[in-house]
Every structure is written in C-alpha cells, then in structure tokens.
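Here is a short briefing on one protein model and its ligand. Please keep the structure open while you read.

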Amino acid sequence: MTSAPSSTAAPAAPLPSRRTYSYLGPAGTFTEAALAQVPEARDQIWRPVRNVAEALADVVDGRSDAAMIAIENSVDGGVSTAQDALATMPGLRIVGEYLVRVNFVLVGRPGMRLEDVRLVAAHPVAYGQCLRWLSATLPDHAHLPASSNVASAVDMIEGVSDADAAIAPPGILEHHDLELLAEEIGDNANAVTRFVLVSRTVSAPPPTGADKTSLIVELPEEYPGALLELLEQFATRGINLSLLASRPIGDALGRYRFVIDADGHIQDERMADALLGLRRFSPKVIYLGSYPRADRAIVHYPDRYSDEVFVEARDWLRGLISGAPEA
Ligand SMILES: O=C(O)C(=O)C[C@]1(C(=O)O)C=C[C@@H](O)C=C1
C-alpha cells in the first residue's frame, strides 16, 4: 500500500521563473543563431518578433528580459534601424556581443526555375550582401523588402507575398519545402554579422580586459571642429574606435548623431576620463554599455594610458592643490 504524502513534508521549492528573450524571427534567422550562443538563454523563453524596434520595445515595456539584435554587417555596414532605435528608446543597455558567419541561398516555391525569377524577397541587409550576384545573375529582378531572412521565404510559401524567390539562410531547407535555386550567393564568402544582446539599464558586467563601450554622441551646433574635438576625447587617452557611424537626428537637415564603439570599459580610467570629456562638450551623450568583445581579444596600451598612470597623475594633482611636499 502506498502511503499518502505526509502533510508535514517540506513544500516544493518554487521553480525559478524563466527569462524571456526577444529576437527577429521566425525561427531559423541568423538572429536566432546569435541567441543560441548565449548560455543563459538556454531553456528560457524565446519570443520571435517582426523587427528590431519591436524586440527593443519588448524590453522597455517589460515583456522580455533581453533582446538580440543585429547591429553591424561586414559587407553592408551598420544596421541603421538598430542604431536609430537604440538612439531613441530610453533605458536600454548592451550587455553582450556575438558574431555569426552569414551566407545565403536563393529559394523559390516548389517548381520555380531560376530563369523565371522576377521578384526577389529579401531583408534589406541580406539584399545588400548579395547585390553583385543578383545583378550578374538576375539583372531584371525587382526587390521586395522582407522583415527577416526567414520571413522572406515563409511569406512567399504562405502566399502573403507575391515573390518568386527569397534570399534566406541555408538552414531554411531543413524546415520548409522549397526549391533550391542557387547557393552561396553572398558577395563575400567571409561575411559576418555582429549582434548585441540588449537588456534594461543594469550596471555593466565587470571589465575583462577585452571590452567594448558603445556610445551615441551629438555634436554642439555651429561649432567648427566639433567632430575633431569629439575624436580627440578618445585619441588623447589612447582609445581605439572600432565603429564611427553618423545617423541623421531627423529634426533638421545636416544634423547628425555619431554612433561609436570604443575599445575598453567604463571602469577603465582612460574611458571614464574620455566620457567626462564628452559630457563637457556634447549636448547629448547616450551610454549604451560596456561589455566583453565577441572575439575576446585583449587590447594592450602603452604605459602612459594605464589605470595606474591616470591614478598617479590625479594623486599628484591633489597633492599640488593640498600643498603636500612633492615626492
Ligand atoms: O537575423 C536574420 O536572419 C535577419 O534577417 C536580420 C539580419 C540583419 O538585420 O542584419 C541579420 C543578419 C544578416 O546580415 C542579414 C539580416
């Protein structure tokens, strides 16, 4: 006979609540491949959405804990929709960086032949990476923008779009019955897309020695040499920039904000000093976060830019002010 559970048994421990991650769907996108690189995201809830702004809005509004978004492609450059969303949506922080090799196939509805393709559905960033192949192979085609690399094909199969063919990741054929029309159609076989994981404002993960800091900075108006002064904040502190892109602010012609990735962490003395310099002259500095670089490459600095030398110089100045005898 089995005994009834004793009423004095310890109550079961509450299950830890699962975290939700938004990403550009549907399943099978490169963005999903980037999310698969995040160990903490395993066994959590993955929420596919239709665009980057929706993924970030999920985080801002609390529907998700974090969002994975594409931010830069080695062939097509900065993903402007992501840069603009980060510039205008408050309360977000980049907490991680991930790289995904990207290559593309052209797929059609079952029975479609390459020579009959006229309308090609593709995400604009993917389209930009296949332009040379497309103009050589399908010079008369028209482009139908799609919201993602997988949505291009799924919308075509489901009759939501009139496309004859779609640019998609190679894995698409494992999930859908499609005609493979061409493989390896990307203009650069080594193309890589950089993704970032974005959460609500949190303190930065601790420095690793291989970190990046992302910023968006506006220039003062009517200020000759302002861009040079912005760059000097980094140059005079020995900080390398790995990204400098301009995006229109949108309120008037000729007004731009600068999207910057700088080597180093906000807790590095030289980076903190550069941020103070930027804050003094720029009307708006958005700090997007400091996080470990995807390639984990340690950056080495000449001694004059080390934390110790910054601290020593500050102590020296304090000593001069306080009248302490010089060592
Ligand atoms: O994640 C996907 O598959 C996407 O469709 C998005 C995206 C992008 O926004 O850059 C991702 C990687 C490729 O470079 C092309 C498109």
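**Ligand site**

A polar side-chain atom of Asn149 lies 2.6 Å from an oxygen atom of the ligand. A polar contact here is a pair of N or O atoms within 3.5 Å; within protein, one must be able to donate a hydrogen and the other to accept it, and residues adjacent in sequence count only if both atoms are side-chain atoms. The model is predicted: local features need pLDDT of at least 70, side-chain atom pairs count only at pLDDT 80 or more, and totals for chains, interfaces and linings use all residues. Residues are numbered from 1 along each chain as its sequence is written, and side-chain values use heavy atoms, without hydrogens or water.

- The side chain of Thr31 has an N or O atom 2.5 Å from a ligand oxygen.
- For Thr193, the corresponding distance from a side-chain N or O atom to a ligand oxygen is 2.7 Å.
- On its own the ligand has 360 Å² of accessible area (Shrake-Rupley method, 1.4 Å probe). The protein covers 99% of that area.
- Around the ligand are 14 residues (a heavy atom within 4 Å). Phe30, Thr31, Gln129, Asn149 and Thr193 come nearest.

**Nonpolar cores**

- A nonpolar core is a set of buried Ala, Val, Leu, Ile, Met, Phe, Trp, Tyr and Cys residues joined through side-chain atoms within 4.5 Å. Buried means under 20% relative accessible area (1.4 Å probe, protein chains only).
- The largest core has 60 residues. Leu56, Met68, Ile69, Leu86, Leu106 and Ile167 have the most contacts inside it.
- Strand β3 (residues 66-73) gives this core its largest share, 6 residues. Strands are DSSP runs of E, at least two residues; helices are runs of H or I, at least four; both are numbered from the N terminus.
- Beyond four places in sequence, Ile69 has contacts (heavy atoms within 4.5 Å) that include Val52, Leu86, Phe195 and Val198.
- A second, separate core has 16 residues, among them Phe234, Ile239, Phe258 and Ala274.

**Asp211**

- Asp211 lies in strand β12. It counts as buried because its relative accessibility is 2%.
- Its side chain reaches the backbone nitrogen of Gly209 at 3.1 Å.
- Asp211 and His265 are 54 residues apart along the chain, yet their C-alpha atoms are separated by 5.6 Å.
- Other contacts of Asp211 include Pro206, Asp263 and Tyr291.

Notes:
Buried < 20%, exposed > 50% of the residue type's maximum accessible area, 1.4 Å probe, protein only.
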